Every structure is written in structure tokens, then in C-alpha cells.
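Dear colleague,

Here is the structure I said I would pass on. My notes follow it.

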Amino acid sequence: MIAVILPGHGTFVHGHGQTLHKVISEQMKFKAFDYPVGMNTSQLEPAMQASIEEIDSGEGIALLTDLLGDTPFRIVNLKPRPKSRAYKEQK
């Protein structure tokens, strides 16, 4: 099953994450990730990477962000990273 990560600015993501998790499924791999005031990029990046590694089952991860192109989006989409488990298993 595809995992879902929901990062966002401030603390609003936590509430939206609870709702989304309830609507989609209690059993899916899901992580809501607040990016609170005072947290900087050097703190956010390793925390998000740990979340990705925690829920990556090798079937893919959907990233739902609050702002296209801002910090959480850039960390996940613009940083080079090793191939996912799914890609490695296909080879």
C-alpha cells in the first residue's frame, strides 16, 4: 500500500492529518508532520527523512504539502536520494 506523508507549516497539519487518516483508513501507513515556528530547515530535513524511512514499504509514498515549492516540498522533491525500495526490487 502506498504510504502518505502530510507535512505543513505551523500546527494545522496535525488536525487535518487525523481527519485524513480516519477517512482514508486506520490501517494505511500515514504520517502527519508539523513544521512549527522556530523549526529550521536543518532540523526539518532529518526529521522528514526519518519519517520517510519509517513508513516506506517499497510501494511508493504520496506527499501532500500545503504549499507547492516551499520548504517541506523542496526537502522531499528536490534533494537527490537513493532509489526507493520499490525501484530496487524491480531490477
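Ser-51 counts as buried, at 4% relative accessibility (buried means under 20% relative accessible area, exposed over 50%, partly exposed in between, with a 1.4 Å probe and protein chains only). The model is predicted: local features need pLDDT of at least 70, side-chain atom pairs count only at pLDDT 80 or more, and totals for chains, interfaces and linings use all residues. Residues are numbered from 1 along each chain as its sequence is written, and side-chain values use heavy atoms, with hydrogens and water left out.

Ser-51 sits in helix H2 (helices, H or I of at least four residues, and strands, E of at least two, are DSSP runs numbered from the N terminus). Leaving aside residues up to four places away in sequence, Ser-51 touches Ile-5, Lys-31 and Phe-33; contact means heavy atoms within 4.5 Å.

**The salt bridge**

Searching the whole structure gives 1 salt bridge, defined as a side-chain nitrogen of Lys or Arg within 4 Å of a carboxyl oxygen of Asp or Glu. The partners are Lys-31 and Glu-54, with the closest N and O atoms 3.9 Å apart. This pair links distant parts of the chain, 23 residues apart: Lys-31 is in strand E2 (residues 30-35) and Glu-54 in helix H2. Lys-31 is partly exposed at 25% relative accessibility, while Glu-54 is exposed at 52% relative accessible area.

Asp-56 lies in the loop between helix H2 (41-55) and strand E3 (61-63). Asp-56 is buried, its relative accessible area being 12%.

Regards
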